[in-house]
Amino acid sequence: METIKVILADDHGVVRSGIRTLLESEGDISVIAEASNGQEALEKVEQFQPDLLVVDIRMPVLNGIEATRRLPQYSTITKALVLSMHDDEEYILQSIESGAFGYLLKDTSKEEFLKAIRMVYHGEKYFSGEISGILVNNFMNFKRKEEPGVHADVHTYEITKREKQILRMLADGINNKEIAENLNKSVRTIETHRFNIMKKLKVNNVVELLKKVEDDRSLKEYIYN
């Protein structure tokens, strides 16, 4: 029986221990190394040449998305499977663009996780139902932009579904802490999204951001529709 060799990369030791126990309860999966940050993960990959790198996104030194992007420089046989608590569209799309073969949320079932491990090992892509929905929506929006005669304002803003939601809440006067509580995210995550929104809309601060929403009728209609 073939053994699937896996390296785990997550900055929480308890999480790694739990995943290791789960995977090694199966007879065909072996966790050959662990890493607590993206750079260490790449070094372990280079050393052990595993079949899979199961990687979190938010890690110190080097995050999981960048580690996935650099992975081919360290191994030509290792495939990345992202296992994250983040369901944000931007993280998902960046992971895929960086070469990830799959994306799962940490609250996924044992059965789905094992299915993803085996499918990615055999060279197939795997995305859970919720993630697949985000990919389909993104693809449909992209195709719509390519249609002759379509000049939607969406492509000029290029903000994700999550960013649109946060921008609408900011425009309604809701602060970062309240937004974080409403979306069940950390304040730091909301601040990161806010920074990305300001960068995309080419404003320097929240005051300018809110003024742009108020003054730009098409933008205002977009975020409230």
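Predicted model: local features only at pLDDT ≥ 70, side-chain atom pairs only at ≥ 80, totals over all residues.

Student: What is a salt bridge?

Tutor: Side chains of opposite charge can pair when their charged atoms come close. The term denotes a side-chain nitrogen of Lys or Arg within 4 Å of a carboxyl oxygen of Asp or Glu.

Student: How many residues apart are lysine 211 and aspartate 215 in helix H11?

Tutor: They are 4 residues apart in helix H11 (residues 206–215), so about one helical turn separates them. Helices (H or I, at least four residues) and strands (E, at least two) are DSSP runs, numbered from the N terminus. Both lysine 211 and aspartate 215 are exposed. Buried means under 20% relative accessible area, exposed over 50%, and partly exposed in between (1.4 Å probe, protein chains only).

Student: Which residue meets aspartate 28 in a salt bridge?

Tutor: The side chain of arginine 118 meets that of aspartate 28, at 3.0 Å from N to O. This pair links distant parts of the chain, 90 residues apart: aspartate 28 is in the loop between H1 and strand S2 (29–35), and arginine 118 is in helix H5 (residues 110–121).

Student: Does aspartate 28 count as buried or exposed, and why?

Tutor: Aspartate 28 counts as buried because its relative accessibility is 14%. Arginine 118, at 26%, counts as partly exposed.

Student: Which residues are linked in a network of salt bridges?

Tutor: Arg16, Arg20, Glu24 and Glu34 are linked in this way. Within helix H1 (residues 13–24), arginine 20 and glutamate 24 lie 4 residues apart, and their side chains meet at 3.4 Å, N to O. The structure holds 15 salt bridges.

Student: Which residues line the largest cavity?

Tutor: On a 1 Å grid over the protein atoms alone, a cavity is a set of points where a 1.4 Å probe fits but cannot get out, and lining residues have an atom within 4 Å of a point. Here the lining consists of Leu8, Ala9, Asp10, Ile19, Val54, Val55, Asp56 and Leu83. Strand S1 (4–9) and strand S3 (52–55) each supply at least two residues of this lining.

Terms used:
Residues numbered from 1 in each chain as written. Heavy atoms only, no water. 1 Å grid on protein atoms, 1.4 Å probe; cavity = no way out; pocket = protein on both sides within 12 Å on 5 of 7 lines; lining within 4 Å.
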